[in-house]
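Visitor: I would like to learn how to read the features of a structure like this one. Please take me through them in turn.

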Amino acid sequence: MNFKLKRLPVFITCMVLSLQIFAQDNAALLREAKQLELKFDEAGALEKYKQLAIADASNINALVKCAELNCSIGNREKDINSKTNYFKQALVYAQQAYAKDSTNSDVCYAMALVNYKMNVLDPDNKQLIENIKQVKIYSDRSLTANPNNAKANYLLGMWHFELIHSGWLKKKGVKDFYDKIPDTQIDSAVYYMEKARRIEPYFAQDYLDLAKVYIYDHQPAKALEVLNKLIKLPNRTYDDTAYKEEGKQLLEKMR
């Protein structure tokens, strides 16, 4: 009995040391992932976040990042099979995060983002209406948890804009769904995207799409103001160079 008691402090010490090493390893993975993101190495950052998610299944941030980066990388893929794989992986990570914390603003945003991207993978429009609904539902939940979530504000603004100007309304069944939504106005798209710009002044994607909203709404002066600011923004993500280049092209067409 005494022998077992003497061994107990040693066991506890070993456990504490193991937990410290585990925490240090995870912290190192997180630092590496963030550094790779700063270098615009999204594929490398994704691998680090994947490792972190495996090492610590309760790490909500890692799961959300895996969902976001899979969407970002997949969005640039030209091959539909590759795009599909990335978006489906994004869905898996978003669902895992949502299962762990359904009230987290970033988690709900990730779910909204994945449903938004899933429309690309639905050529027969079998899930289109449901995906559209899910984007709105999860965006609303994200903003309920944190009204100042810039990405969720942007995505909800895009949701309103897509319903108004895209091919969604031409799809069977979507028009009926649209008619039941009293708040789907161009002003709503402007409201949420302008709010996203105020919250995150370096959000290049928001600037570009906000300019498109103003162009659609026949407000060229406001579009020009947004585009002129866009092209001067520093690059903060891999895609910012492309957003700014598209903004320059829009400016040239408007002048």
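Visitor: In which helix is D25 found?

Guide: D25 is found in helix α1. Helices (H or I, at least four residues) and strands (E, at least two) are DSSP runs, numbered from the N terminus. Before going on, note that this is a predicted model, in which local features need pLDDT of at least 70 and side-chain atom pairs count only at pLDDT 80 or more, while totals for chains, interfaces and linings use all residues. Residues are numbered from 1 along each chain as its sequence is written, and side-chain values use heavy atoms, with hydrogens and water left out.

Visitor: How many helices and strands does the chain have?

Guide: There are 12 helices and 0 strands. Along the sequence the pattern reads α-α-α-α-α-α-α-α-α-α-α-α.

Visitor: Is D25 buried, partly exposed or exposed?

Guide: Buried means under 20% relative accessible area, exposed over 50%, and partly exposed in between (1.4 Å probe, protein chains only). D25 is partly exposed because its relative accessible area is 45%.

Visitor: What share of the residues in the chain counts as buried?

Guide: Of the 255 residues, 45% count as buried. The accessible surface of the chain is about 14200 Å², and 54% of that belongs to carbon and sulfur atoms. Accessible areas come from the Shrake-Rupley method with a 1.4 Å probe; for residues, only the protein chains shown count as cover.

Visitor: Which residues does S139 touch, leaving aside those up to four places away in sequence?

Guide: Contact means heavy atoms within 4.5 Å. S139 touches A112, L155 and L156 on that count. S139 is in helix α6, and it counts as buried because its relative accessible area is 1%. From S139 to L113 the C-alpha distance is 8.4 Å, at 26 residues apart in sequence. For the chain, 57% of the contacts with a separation of 6 or more are between residues 24 or more positions apart.

Visitor: How is a pair of aromatic rings described?

Guide: A pair of aromatic rings is described by the distance of the centres and the angle of the planes. Rings of Phe, Tyr and Trp (its six-membered ring) pair if their centres lie within 6.5 Å; planes under 30 degrees apart count as stacked, over 60 as edge-to-face and the rest as tilted. The structure holds 4 aromatic pairs. One of them is Y98 with Y138, edge-to-face at 5.3 Å centre to centre and 85° between the planes. This pair links distant parts of the chain, with Y98 in helix α4 (residues 80-100) and Y138 in helix α6 (residues 128-145), 40 residues apart. Both Y98 and Y138 are buried. Y191 and Y192 form another edge-to-face pair, at 5.0 Å centre to centre and 80° between the planes.

Visitor: Why does Y191 count as partly exposed, and why does Y192 count as buried?

Guide: Y191 counts as partly exposed because its relative accessibility is 46%. Y192 counts as buried because its relative accessibility is 18%.

Visitor: Over which ring does the charged end of K136 sit?

Guide: A charge sits over a ring if NZ of Lys or CZ of Arg is within 6 Å of the ring centre and within 35 degrees of the ring normal. The charged end of K136 sits over the ring of W159, 5.6 Å from its centre. For R236, the charged end sits over the ring of Y202, 4.1 Å from its centre.
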